[in-house]
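Reader: I have a structure to go through and have not seen it before. Could you take me over it in plain terms?

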Amino acid sequence: MEEENYFERIESYLKGTLTKEGKIAFEQELLSNPKLQEDTEMHKLAFSAIEYEISNDLKTKMGSWLNEEEESIVADPSTFKIRSLFRPLAIAVSLFLLVSLGLNFYAHKEFSNEKIVSAMAPPFENTPDRTRSAEDRILTKKDNSQGVNQKDTVQLIYTEDEIIKIFKQDSLQQLESIEDPIADYYAGILLINDKRYSEALEKFRAVIISDNPDYQLHAKLEYVKTALLNKSYKDDQEAKAMLIELKDGQNNYSKVAAELYRKLKIPLRKMFIS
Amino acid sequence: MKLDFKDDKALIHAIKSGNQMRERALKEIYTSGKFKSKVKQIILSNSGNLQDAEDMIQEGIIVLDKNIRNDKFKGESSLEIYLTSICKFLWMNQIRKNSKVNLSDDFNSFDLVAMDHPGTVLLNNEKSQILEQLLDALGKKCKRVLSLWKLSYSMPEIAEIVGLSSEGMARKTKYNCMKKLKEAVVANPHISTLLKN
């Protein structure tokens, strides 16, 4: 019992639960008592080992929290018991959804670019000022290594309206020549219309890693939709994470993303059962 | 997502309290888009992918949890900024180790002093393996009891969670497990050296 109390005192010191007076007394004793020093050191090592276990446990838990996100949209165990009954129904519903998705795609294709812009362009509250004067629209780079300003690269900066105008003219080539995330975004939309989904995904990816927060969000939604059209969504962890992020985030697309997420429930369940 | 904690103060308090409240608070941090989005943006902008971002968030939360519980986080910044700083720090280490890419300007100017000592929990493989062996030798029950005790669970709570008959039994089990752990550390000087480092 005496030994137990002795060790408990060391543990309380290391856990920081001793009183102020208790702590001062312990530290004074520590200075003159080699046995206490040694035992305290040993407890510290034991604490490190326990912390390691706590970290491991937390990591496992985070893994399960992440899985919960996906599991919440996949069938619960009872689904398996009745899968034989509902398999034909599940197939029918999946087919229906696939057809709907296809129809939706063709309907989307029928849209003029003008309509796509008006239907999809969000109210960008934080769009940076891109309405600079013509004189200002030459970007110069400083060559610091030579200690002089040098116009080594000249790149026209396009306003958002100008980029949209080019987009409406279906000029993919011109959009691709502009180094701007907004141009990448609209190039991605044109590539979808051409069914060049993999290239469209690359364009949206470029927007996502850019520094334009408004278009990043929009590009994430388009990325998910394109991954669905490209049939790569199932294996695309990034697309899944983006959809969940959009759904749970406070943004203009959380409602749209939640609806898309909800619609994906049935195909995902089908995949899981299969 | 429904938030259980109204602000950083409530989250920190819950983490410090250990017990089940800690787990709820950490889950909220981990699953909240608010905490994740900035980290993702940073990792994606510095040659990482979403899986890298996910890994860094997990490692970052482990450091955050440990630093809050051990009073190393002084509350001089918001939890969001703190977690982002930790993840930045961890990712910087990772990419430097792999010499994968040039860091962005934002990364190169990253100031460690601005952080409340994030510390590193990334253990080398050797240390991890030895700790795994040490803890495995203790047995599942001992690992659980010691972890719960370190996380400030009360003895009656530990007894209930682990399935021990009484508070007294929980106390006795914890004492014996701690003794066993210390003996294992003493018996293996290599472990002591690794843990000291």
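**Talking through the model**

Author: Y175(B) is partly exposed, with 16 other C-beta atoms within 10 Å. A residue is buried if 20 or more other C-beta atoms lie within 10 Å of its own, exposed if 12 or fewer, and partly exposed in between, with C-beta atoms placed from the backbone. This is a predicted model, in which local features need pLDDT of at least 70 and side-chain atom pairs count only at pLDDT 80 or more, while totals for chains, interfaces and linings use all residues. Residues are numbered from 1 along each chain as its sequence is written, and chains are lettered from A and ligands numbered from 1 in the order in which they are written.

Reader: Where is Y175(B) found?

Author: Y175(B) is in helix α10 of chain B. Helices (H or I, at least four residues) and strands (E, at least two) are DSSP runs, numbered from the N terminus.

Reader: And how far apart are Y175(B) and V145(B)?

Author: They are 30 residues apart in sequence, and their C-alpha atoms are 9.8 Å apart in space.

Reader: How many helices and strands are there in chain B?

Author: Chain B has eleven helices and zero strands. Of its 197 residues, 38% are buried. Taking contacts in chain B between residues at least 6 apart in sequence, 62% join residues at least 24 apart. Two residues are in contact if their C-beta atoms, placed from the backbone, lie within 7 Å.

Reader: What about chain A: how many helices and strands?

Author: Chain A has 13 helices and two strands. Buried residues are 24% of its 274 residues. For contacts between residues at least 6 apart in sequence, 48% in chain A join residues at least 24 apart.

Reader: Where in chain A is confidence lowest, and where highest?

Author: The lowest is in helix α6 (residues 113-120) of chain A, with a mean of 39, and the highest is in helix α2 (residues 20-32) of chain A, at 91. Those values are pLDDT, the predictor's confidence in each residue, from 0 to 100. Over residues 75-82 of chain A the pLDDT is below 50, and this stretch has four contacts in the model beyond near neighbours in sequence. Residues 268-274 of chain A also have pLDDT below 50, with 13 contacts beyond near neighbours in sequence. For chain A, the mean pLDDT is 72, and 68% of its residues reach 70 or more.

Reader: What should I do with the low parts?

Author: Where pLDDT is low, the predicted coordinates should not be read in detail.

Reader: Inside chain B, at what angle do α3(B) and α5 cross?

Author: The axes of α3(B) and helix α5 (residues 79-98) of chain B cross at roughly 30 degrees and come within 9 Å. Axes are lines fitted to C-alpha atoms, for helices over the stretch in contact, and angles run from 0 to 180 degrees between N-to-C directions. α3(B) and α5(B) are therefore roughly parallel to each other. Angles under 35 degrees count as roughly parallel, over 145 as roughly antiparallel, 65 to 115 as roughly perpendicular and the rest as oblique.

Reader: Which residues make the contact?

Author: Among them are F35(B), V39(B) and I42(B) of α3(B), and L83(B), C87(B) and W91(B) of α5(B). The residues of this contact of α3(B) with α5(B) divide into seven nonpolar, one polar and four charged.

Reader: What is the phi of D71(B)?

Author: D71(B) has a positive phi of about 60 degrees although it is not a glycine. Most residues other than glycine have a negative phi. D71(B) lies in the loop between α4 and α5 of chain B.

Reader: Is D71(B) buried or exposed?

Author: D71(B) is exposed, with 10 other C-beta atoms within 10 Å.

Notes. Nonpolar A, V, L, I, M, F, W, Y, C, P; charged D, E, K, R; others polar.
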